[in-house]
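Please read them alongside the coordinates.

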Amino acid sequence: MAIAPDFLDEIRARVGLGDVIARHVSLKRAGRELSGLCPFHNEKTPSFTVSEEKGFFHCFGCGAHGDVIGFVMRQEGLSFPEAVERLASEAGLEVPRATPAEREAERRRANLHDVMERACRFFEAELRSPRGAAALAYLADRRIDEATIARFRLGYAPDSRTALRNAVMDAEHPEALLVEAGLLIRPDGGTPYDRFRGRVIFPIADRRGRVIAFGGRTLGDGTPKYLNSPETPLFDKSRVLYGMATAREAAHRNRRVIVTEGYTDVIALNRAGYAEAVAPLGTALTESHLHELWRMAPEPILCFDGDEAGKRAARRAAERALPLLEPGRSLQFVSLPPGQDPDGLVAEGGSGAVDACLAARRGLVELVWEMNTEGRRFDTPERIAGLEQVLDRAVDRIDNRRVQYQYRTRFRSRLDDRFGFRRGPRRRGGADGIGIRAEMSPETLPRSTVRHIVATLLRHPPLIEEFDERLASLEVAERQVDSLLRRILAVVHDAPGLDEDRLKSHLSGTDAELAEALIRADVYTQWRFAGPNATIESARSGVSHALDGLRLSSVKADLAAAEMALADDPSEENVERLIQLKAELEVFDGEDAVPAGETG
């Protein structure tokens with residue numbers, strides 16, 4: 001749906017940015033701006049600012065940025081058109097429909113939504129009728145209580161070819177509309193009859209909670225065991241997740257979403273306190289599903305059954321996700337006990353069993369490694385070379401260069417550790433050098449911004465606590481530097497208030513060696529804030545500017561990528577991404593951030 005820029009400007013003018021954000025964030029006035037704790041990542045020190053004058057918000061900790069539409073999209077997990085609809089309604093505006101065809105399509109969709117709601121109410125009533133006794137008993141056997149039945153609007157389709165047809169069809173909802181909605185089946189040359197008969201009904205809703213389809217489970221031995229609505233103008237199973245309307249708010253609040261395989265798994269997890277659970281509808285996770293999940297949380301947790309089919313589903317999801325990965329956007333995986341599903345897990349062990357499984361979840365990089373190594377022997381050079389080739393091919397499928405680099409680094413490191421490889425120092429103009437162990441002499445250390453930041457932190461540990469959120473979000477290409485940074489963050493988190501000597505006493509092995517190399521005074525003749533004689537005020541200012549510089553470089557790189565993406569695909573999503581990045585770049589105008597890689 002194309003929306004005129006003038007209409008978007010009218011929304012921004014009528015809906016106060018500060019008022020909308022204040023519903024979710026406690027804001028305080030700071031000069032001409034408002035500030036508070038960022039709602040998109042956990043932080044202790046406010047780094048989230050709102051400029052009502054300029055019409056945008058920005059977080060200096062995680063980089064979140066946008067206008068009032070972008071905030072509603074991010075906070076509530078809505079698409080761009082949905083956020084516009086929401087804000088337009090709040091402002092008392094009607095989103096203009098540009099053409100008669102669009103207006104007619106909107107009218108048809110409204111009629112379809114209406115008939116699906118009528119059908120849902122019919123199924124709910126039938127569950128409470130004498131005809132629904134067996135269905136109600138089935139739900140009780142599955143430990144589904146009355147409150148859950150009401151929350152998920154569960155129902156029953158009587159074993160009749162005409163019960164729904166007779167109850168719902170009238171002059172305003174003709175037979176043809178019920179066929180189009182997937183409620184009736186029209187045989188060739190015959191009279192349409194009810195699609196769902198003798199089944200427990202699970203309504204399927206869109207993001208806004210509107211019923212768009214149904215799933216039905218047979219109570220007997222009939223086939224198929226589960227039956228879903230066909231695809232209709234409202235329902236595309238490759239894009240819809242069961243439970244996403246009820247899960248969206250919890251997912252944004254908890255910054256996680258749990259993906260299961262079926263209706264009852266979602267319901268069981270919901271009853272156990274995991275309202276952020278969803279499930280695909282009888283199909284493998286698609287690209288659209290993944291994008292929907294990433295709207296809800298940055299790293300969805302896939303919790304499939306502990307059988308071979310569940311393992312295959314997880315592997316298919318991993319393969320589908322690889323080309324789509326971006327910084328901060330991935331998948332995590334839970335391994336359930338063999339033969340177990342989330343519904344059974346909750347029944348046997350309650351939330352404690354679920355918590356234990358979630359705590360043991362693995363990242364996508366670990367799953368890809370296991371997919372290619374589990375149960376295989378690598379006892380010859382040829383087999384090891386074959387593994388390297390397979391992993392390289394998997395990494396090559398990742399479109400984002402930064403993520404690709406990190407995966408290649410991780411796999412090279414795994415190969416080193418498992419097979420005892422030792423690679424020489426990286427050479428300019430040679431191979432990519434990923435996974436290479438850098439020599440520890442100061443002469444071989446590149447004067448990178450991140451290394452200077454880490455050196456400054458080693459000399460001035462109090463700064464670690466001041467910049468902890470921004471440091472934790474850094475993307476560090478060099479594996480050993482990243483390891484050292486994560487280690488000192490963990491040390492200070494567990495033991496705040498350390499001085500330089502006590503901090504270094506917590507380091508060992510490669511971390512300690514690299515730390516000693518980084519703080520050699522003769523390395524930093526041009527980066528005075530990282531030197532041994534710098535005051536803490538100078539160091540604080542230097543680290544702040546350097547972090548801003550890294551973020552600026554990142555934004556510029558993302559902007560270049562967004563421009564290329566827009567040239568290949570002029571979609572609304574790509575246009576919006578470009579606008580957001582350009583607005584974020586404006587934040588740095590007039591600031592004296594040190595661009596990454598420069599010295600001063």
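1. Y242 touches F152, L154, F202, P203, I204, Y263, V266, I267, A277, V278, A279 and L281, leaving aside residues up to four places away in sequence; contact means heavy atoms within 4.5 Å. This is a predicted model, in which local features need pLDDT of at least 70, side-chain atom pairs count only at pLDDT 80 or more, and totals for chains, interfaces and linings use all residues. Residues are numbered from 1 along each chain as its sequence is written, and side-chain values use heavy atoms, with hydrogens and water left out.

2. Y242 is also one of three residues, with F214 and Y407, that touch the most other members of the largest nonpolar core, which has 99 residues. Such a core is a set of buried Ala, Val, Leu, Ile, Met, Phe, Trp, Tyr and Cys residues joined through side-chain atoms within 4.5 Å; buried means under 20% relative accessible area (1.4 Å probe, protein chains only). Helix α5 (residues 100-127) contributes the most to this core, eight residues; helices are DSSP runs of H or I, at least four residues, and strands runs of E, at least two, numbered from the N terminus.

3. D265 lies in helix α11 (residues 263-271).

Methods. Buried < 20%, exposed > 50% of the residue type's maximum accessible area, 1.4 Å probe, protein only.
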